[in-house]
Amino acid sequence: MSMAVQHIPWISPDEYLNQEELASTRHMYFDGVVTAMAGGSLAHGALAMNLGAGLHAALRGRGCQVFGSDVLFRTGSGEMYTYPDVMVLCGPVETVEGRPHVVTNPVFVAEVLSPSTEAIDRGAKSREYRASASLRQYALVSQEQPWVEIHTRDDAGFWRITETRGLDAECEFTGLDCRVPMAALYEGVLKK
């Protein structure tokens, strides 16, 4: 018995970037494979917007910019190009040469977890984010309950994980020296 195998052609990062500039939908690139990015739920969109707004307010006047999922990030290994749900850059923005729309130096990224993306957010993306020298912290935000998992690079270069749970708590983003209340993050998201 033989099984049909679907061949997925490998493309170079430059081929991907050329295609992405013309595409009407967004795609992630990882190790030569391009994957279409699915649309998110209402809760996903609200959480990303609430986190971005909270970080923007907390970082006002400190030389940082907060971006949503429209900015492309090339991770540290150069093998992944992705659109984090929330991204923070502080100081001068560094981009890929000849590609002013592709940033390389965020200090913070966040992903809102969903059933279709949680495995890659915890797996390949997590590894790629940790390979990015500029990144101090990344967060994984649950849609199901008030829970945020925060990964922080310490002074020795090791990654530490903390969790924030419950609407009365505050997310402490030590990599950005700011806090965002969980009640504000989950405002309008959880069913009462």
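Student: A polar contact here is a pair of N or O atoms within 3.5 Å, where, within protein, one must be able to donate a hydrogen and the other to accept it; residues adjacent in sequence count only if both atoms are side-chain atoms. With which side chain does the side chain of Gln143 make a polar contact?

Tutor: With that of Ser41, at 2.7 Å. Bear in mind that this is a predicted model.

Student: And which backbone oxygen lies 2.8 Å from a polar atom of the Gln143 side chain?

Tutor: The backbone oxygen of Leu113.

Student: Where is Gln143 found?

Tutor: Gln143 sits in the loop between β10 and β11, the latter being residues 147-153.

Student: Is Gln143 buried or exposed?

Tutor: Its relative accessible area is 14%, so Gln143 counts as buried. Leaving out residues up to four places away in sequence, Gln143 touches Ser41, Ala43, His44, Leu47, Val112, Leu113, Ser114 and Leu190.

Student: Now the sheets. What is the strand order in the one with β10 and β11?

Tutor: The order is β3-β6-β9-β10-β11-β12, an open sheet of 6 strands with mixed pairing. The edges are β3 (64-67) and β12 (159-165); each has a single partner strand, so one side of each lacks a neighbour in the sheet. On average, and ignoring direction, neighbouring strands are turned by 15° against each other.

Student: How many bridges join β6 to β9?

Tutor: There are 3, between residues 86-90 and residues 108-112, and the two strands run antiparallel. One of the residues involved is Val88, whose bridge partner in β9 is Phe108.

Student: Which helix packs on the sheet there?

Tutor: Helix α2, residues 42-59. This helix touches β3, β6, β9 and β10 (137-141), and its direction makes about 20° with that of β6.

Student: Changing topic: how many disulfides are there?

Tutor: The count is 1. Cys64 and Cys90 form it, with their sulfur atoms 2.1 Å apart. The link is right-handed, with 105° about the S-S bond. It connects distant parts of the chain, Cys64 being in strand β3 and Cys90 in strand β6, 26 residues apart.

Student: Is Cys90 buried or exposed?

Tutor: Cys90 counts as buried, at 19% relative accessibility. Cys64, with a relative accessible area of 22%, is partly exposed.

Student: What about Cys171?

Tutor: Cys171 is in no disulfide, and the nearest cysteine sulfur, that of Cys178, is 9.6 Å away. Cys171 is buried, with a relative accessible area of 0%.

Student: Do β4 and β8 run parallel or antiparallel?

Tutor: Parallel, with 2 bridges joining β4 (residues 72-74) to β8 (residues 99-103). Leu72 stands opposite Val102 in β8.

Student: How many bridges join β1 to β2?

Tutor: The number is 4, and the strands run antiparallel. Phe30 has Val33 as its bridge partner in β2. The hairpin has 2 residues between the strands, and in it Asp31 takes a positive phi near 55°.

Student: And in which sense do β1 and β5 pair?

Tutor: Antiparallel, over 2 bridges. Tyr81 in β5 is the bridge partner of Tyr29.

Student: Last one: which element has the lowest mean pLDDT?

Tutor: Strand β2 (residues 33-36), at 86, while β6 has the highest, at 98. The protein averages 91, and 94% of the residues score at least 70. Where pLDDT is low, the predicted coordinates should not be read in detail.

How values were computed
Residues are numbered from 1 along each chain as its sequence is written. This is a predicted model: local features need pLDDT of at least 70, side-chain atom pairs count only at pLDDT 80 or more; totals for chains, interfaces and linings use all residues. Side-chain values use heavy atoms; hydrogens and water are left out. Two strands pair if DSSP finds at least two bridges between them. Axes are lines fitted to C-alpha atoms, for helices over the stretch in contact, and angles run from 0 to 180 degrees between N-to-C directions. Contact means heavy atoms within 4.5 Å. A disulfide is a pair of cysteine sulfur atoms within 2.5 Å. Buried means under 20% relative accessible area, exposed over 50%, partly exposed in between (1.4 Å probe, protein chains only). pLDDT is the predictor's confidence in each residue, from 0 to 100.
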